[in-house]
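This report describes selected features of one protein model, moving from charged pairs to a helix, a pocket and the backbone. Please read it alongside the structure shown here.

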Amino acid sequence: MGGAGGGLEAAARTARYAALDAARGELPVLLGHTLDDQAETVLLGLARGSGVRSLRGMAEFADPWGRPLLGVRRSTTRQLCADLGLEPHEDPHNSAPEFTRVRLRTEVLPLLEEVLGGGVAPALARTAEQLREDGDLLDSLAEQLLEAASDGTALSIETLATAPAALRRRAIRSWLLAGGAKALTDKTLRSIDALITDWRGQGGVAVGGGKPGTRLVATRERGKLCLAFAR
């Protein structure tokens with residue numbers, strides 16, 4: 001269920017989470033993602049150029065979702081079920097070769113293990129953990145920057161321009177999402193960043209999340225970064 005994906009994979013994942021969310025009441029939900037799932041998620045993010053936010057994989061707990069088995073290999077969980085006389089449900093999609101994650105699991109990772117001499121999955125999971133720690137710190141600093149730059153619903157160009165790029169783009173991303181932006185890409189964020197650091201009078205940048213007949217656009221106006229609907 002973890003990781004990014006498109007088409008049927010994404011639709012099925014969304015439906016599963018929606019069903020779990022509807023059934024959980026006020027309780028958290030513990031998911032069965034393992035170290036191998038984490039490794040697959042990191043490798044998918046790396047191949048898609050999704051950036052650090054994707055490479056740091058799945059969190060052990062992101063309310064209401066808990067993943068207590070992220071440090072355990074998939075083979076161990078299967079063996080434990082066998083030892084306890086349990087027969088887990090096997091989702092047929094988990095062995096369907098038309099899905100990217102399945103081919104990654106059955107073809108790519110085994111090949112990497114062979115070529116690199118083993119230990120690939122644990123190494124990818126360690127990478128995710130390290131990047132998550134770094135990312136959490138950067139996110140915290142970016143929130144401080146966002147608070148300092150906030151000017152009503154807009155952001156101060158001067159405050160943002162003096163901040164390191166990694167913090168500035170994180171702050172912009174949080175601001176955009178809070179304002180209703182959808183499906184932000186690295187290209188979009190860099191185009192908005194250019195409104196601050198490479199201002200040449202360029203027009204606004206559409207960020208998705210518009211209403212019928214309008215677009216949600218980030219623009220530079222009188223020293224401020226603004227977000228507004230435009231036709």
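## Terms and basis

A residue is called buried under 20% relative accessible area, exposed over 50%, and partly exposed in between, with a 1.4 Å probe and protein chains only. By that definition Asp37 and Arg105 are both buried.

The model is predicted, so that local features need pLDDT of at least 70 and side-chain atom pairs count only at pLDDT 80 or more, whereas totals for chains, interfaces and linings use all residues. Residues are numbered from 1 along each chain as its sequence is written, and side-chain values use heavy atoms, with hydrogens and water left out.

## Salt bridges

The structure holds 18 salt bridges, each being a side-chain nitrogen of Lys or Arg within 4 Å of a carboxyl oxygen of Asp or Glu. One of them pairs the side chains of Asp37 and Arg105, at 3.9 Å from N to O. Because Asp37 lies in helix H2 (residues 35–48) and Arg105 in helix H5 (residues 100–116), this pair ties together parts that are 68 residues apart in sequence; helices (H or I, at least four residues) and strands (E, at least two) are DSSP runs, numbered from the N terminus. Another salt bridge joins Arg101 to Glu40, with the closest N and O atoms 3.2 Å apart. This pair also links distant parts of the chain, with Arg101 in helix H5 and Glu40 in helix H2, 61 residues apart, and both Arg101 and Glu40 are buried.

Arg56 and Asp139 meet through their side chains in a salt bridge of 2.9 Å, N to O. Here Arg56 belongs to the loop between H3 and strand S2 (61–62) and Asp139 to helix H6 (residues 120–149), so that distant parts of the chain, 83 residues apart, are linked. Arg56 and Asp139 are both buried. Through shared partners, salt bridges join Asp37, Glu40, Arg74, Arg101 and Arg105 into one network.

## Helix H5

In H5, the residues Arg101, Val102, Leu104, Arg105 and Leu109 are buried. The buried residues of H5 pack against helix H1 (7–23), H2, helix H4 (74–83) and H6, where contact means heavy atoms within 4.5 Å.

H5 bends by about 30° at Val108, and the proline Pro110 follows within four residues; the bend at a residue is the angle between axes fitted to the seven residues ending there and the seven starting there. Just after H5, Gly117 takes a positive phi of about 80°.

## The second largest pocket

The second largest pocket has a volume of about 460 Å³. A pocket is an open set of points on a 1 Å grid over the protein atoms alone, where a 1.4 Å probe fits, with protein on both sides within 12 Å along at least five of seven lines, and lining residues have an atom within 4 Å of a point. Grid points are joined across faces, edges and corners, and a volume is the space filled by probe spheres set on the points.

Of the 16 residues lining the second largest pocket, Ser50, Gly51, Val52, Asp186 and Leu189 are the closest to its centre. Helix H3 (52–55), helix H8 (165–178) and helix H9 (186–197) each supply at least two lining residues, and the largest share, four residues, comes from H8.

## Backbone geometry

Most residues other than glycine have a negative phi, and most peptide bonds are trans. Asp63 and Pro64 are joined by a cis peptide bond, with omega about 10°, and Pro64 lies in the loop between S2 and strand S3 (65–66).

Arg222, although not a glycine, has a positive phi of about 50°. Arg222 is placed in the loop between strand S7 (215–221) and strand S8 (224–230), and at 78% relative accessibility it counts as exposed.
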